[in-house]
Amino acid sequence: MSGGKDKPVISLANFDENNPKCIINSPRSLQACKMEGVLPQELAHKPIEHFHERALSPRLVKLRYDFFEAKRRDLLAASRRARDQIVADERQANNSNSQQLELRAKDAGVSRGALLALQSDGLAQERRKLLKAQELEKKWLQNALNAELNQLKELEKGKAFAEAEGDKDAERQKEMSRKIKEMNDKRAQEEERKQMEAEARQKLEKQIAKEEFHKQQEEIKRRAEEEARRQKELYEKQCAEAERKKQAELEKERKREEEHQRMEARKKEMKALDLRRMEILEAQKMRLQEEMAKKQNMRDERIMASIQSNMELENKRREEFEAKQSMEAEREERLMQARALQQEEGAKRSFQLMMRRKLIQEEANKRAEERRASILDHQEEVEYRLLEHEQKKERYLDFKRELDGLRSRNKEINVERQRRREESMREMVAEQVRRKDDKIDALNMERKRLWQLRRHQQSEAYRAREQVKSEIMRQRIRSKFDSKALEKKLHDLMNQDVFTEKILGQSTSMPSLRPAGGGSMQEGVEA
């Protein structure tokens, strides 16, 4: 809004190429210009009057106008191609679920890269690994706790069996006393004639009970003697085993002592061998020194003979050099005499040559005067032609200078455009890197959370097992076994969120991003 009026939106699609005041202000078109390294002002049309300058020929003005107009049209075509590509990318993005993904990322308060990272196949695999480890941990804990529960049930069954056996003995005694009382009542109700028989029967029963009691006492005593005999035999076996181990240790000690003695003997033998080897080496060293002394004497004799022969050879060479020097002196004297004769003859020839050159010089001066006159005539004609050529050359140089300037300007424009394109590309790459960094950070945070959940799950499993063990130990100490209460406690422990899939939804670092429509969001991300 400017001055209360809506400013018209001008894009590359409705851009007026022949209007100098038409400037692009559409966001998508500005983005296309930035991608191609083009400034919006460079796309505006400049009429030919814009290039008029003082002392500039119409031909050069037309050249500048044609150059900048062609450059402008090239930049405009490149920008339109970039805009068409942006429009195609946006249309493709709108056809997919990318817009929905952006909205969901904005609602969740995270970046799009973090949302993609949280719904990636890598994290899905990590979650599956966590669930698999959770299942294995749960199965292990279930087996361990079931083993503890079965052990408690066995203890409870044992206690119940012992109590049932005690109740059966009491009932048996009670039933026996009741039967005896009935029999006594029957005997009391019988006639007097049967009293003696009843007394005799009672005495017989007492005698039988006493004999039974004696038999039980003898059986208990016999079992105690057998147990004592068994304990004594076991003690004797343990003593024999201890004695056997002691003998084995003594045998091992004796063998170690014998081995030590053999090693000492071996060391002494090796020491004697070392002494003998040292004596042999010492003798060899003495022989080697004697041989070296002999070789040194022979080498000294050869050196003296060589020195004497060298001195004789040097004397012979000196005599030959002196003879050669005398011959060289004689030869040099003969050469000096010949050179003096040659110099005298050369002086005569040089005087004759000087006279001949003087005649030639006079003839050459005459011919030069004649040639100078012809050259002056020709020079005037050449100067006129050169003047025309200079004018043509000046026009050509102006045209070439202008063309070189346009080429350098084109190069500068291309360099500046390439710099802006690279800057735009760097910004795009930086944005992509930032998104990838967000995605990587979110992925690492989620992996770290899953790893912490797994460690927490293991610690909770060990804690649950320790609680069950402590409960079983407490019931053992109190001798009151209650398997149903333990089963209820096991059920409560196994139904904790840490042993179910609910633990994946409890995140304190990232929001819940599961789509409401099931797998449609994941399919859109993969597309």
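Predicted model: local features only at pLDDT ≥ 70, side-chain atom pairs only at ≥ 80, totals over all residues.
Is Glu69 buried or exposed? Keep that in mind while going through the points below.

1. Reading from the N terminus, the order is simply α-α-α-α-α-α-α-α. Buried residues account for 18% of the 527 residues. The chain exposes about 42,500 Å², with carbon and sulfur atoms supplying 52% of that area. Among contacts with a separation of 6 or more, 75% are between residues 24 or more positions apart.

2. Back to the opening question. Glu69 counts as buried because its relative accessible area is 10%, under the 20% cut-off. Its side chain meets that of Arg72 in a salt bridge, at 2.7 Å from N to O. Arg72 is buried too, because its relative accessibility is 3%. Both residues sit in helix H2, three residues apart, which is about one turn of the helix. As a general point, side chains of opposite charge can pair when their charged atoms come close.

3. Have a look at Lys46 next, in the loop between H1 and H2. Lys46 and Glu69 are 23 residues apart in sequence, yet their C-alpha atoms are 7.7 Å apart in space. With 41% relative accessibility, Lys46 counts as partly exposed. Setting aside neighbours within four places in sequence, Lys46 is in contact with Phe51 and Tyr65.

4. Now for the largest nonpolar core, which has 13 residues. Leu12, Phe15, Ile24, Ala32, Val38, Leu43 and Leu76 are the ones that touch the most other members. Helix H1 (27-35) and helix H2 (58-95) each supply at least two residues of this core, and H2 gives the largest share, with four residues. There is also a second, separate core of eleven residues, including Leu141, Ala461, Ala464 and Ile472. In soluble globular proteins, nonpolar side chains tend to be buried together.

5. Not counting residues up to four places away in sequence, Leu12 touches Ile24, Ser29, Ala32, Leu43, Leu76, Ser79, Arg80 and Arg83.

6. Which residues of H1 are buried? They are Ser29, Ala32 and Cys33. Looking down the axis of H1, these fall within an arc of 100 degrees, so they line one face of the helix. Just after H1 comes Gly37, with a positive phi of about 70 degrees.

7. On to helix H6 (residues 195-478). Here Arg254 forms a salt bridge with Glu251, with the closest N and O atoms 2.0 Å apart, and these two are three residues apart in H6. Arg254 also forms a salt bridge with Glu258, this time at 2.6 Å, and that pair is four residues apart in the helix. Glu258 is partly exposed at 33% relative accessibility. So are Arg254, at 39%, and Glu251, at 32%.

8. Elsewhere, salt bridges that share partners join Glu42, Glu416, Arg419, Arg420 and Glu423 into one network. The count of salt bridges comes to 28.

9. Finally, a nonpolar patch on the surface. Ile303, Met304, Ile307 and Met311 form it, with about 410 Å² of accessible area together. Ile303 lies in helix H6 and counts as partly exposed, with 42% relative accessibility.

Note on methods
Residues numbered from 1 in each chain as written. Heavy atoms only, no water. Patch = residues over 30% accessible without salt bridge, like charges linked within 9 Å, V, L, I, M, F, W, Y side chains within 5 Å. Areas by Shrake-Rupley, 256 points an atom, 1.4 Å probe, with all protein chains shown as cover. Salt bridge = Lys/Arg side-chain N within 4 Å of Asp/Glu carboxyl O. Buried < 20%, exposed > 50% of the residue type's maximum accessible area, 1.4 Å probe, protein only. Core = buried A, V, L, I, M, F, W, Y, C linked by side-chain atoms within 4.5 Å. Contact = heavy atoms within 4.5 Å. Arc of directions from axis to C-beta.
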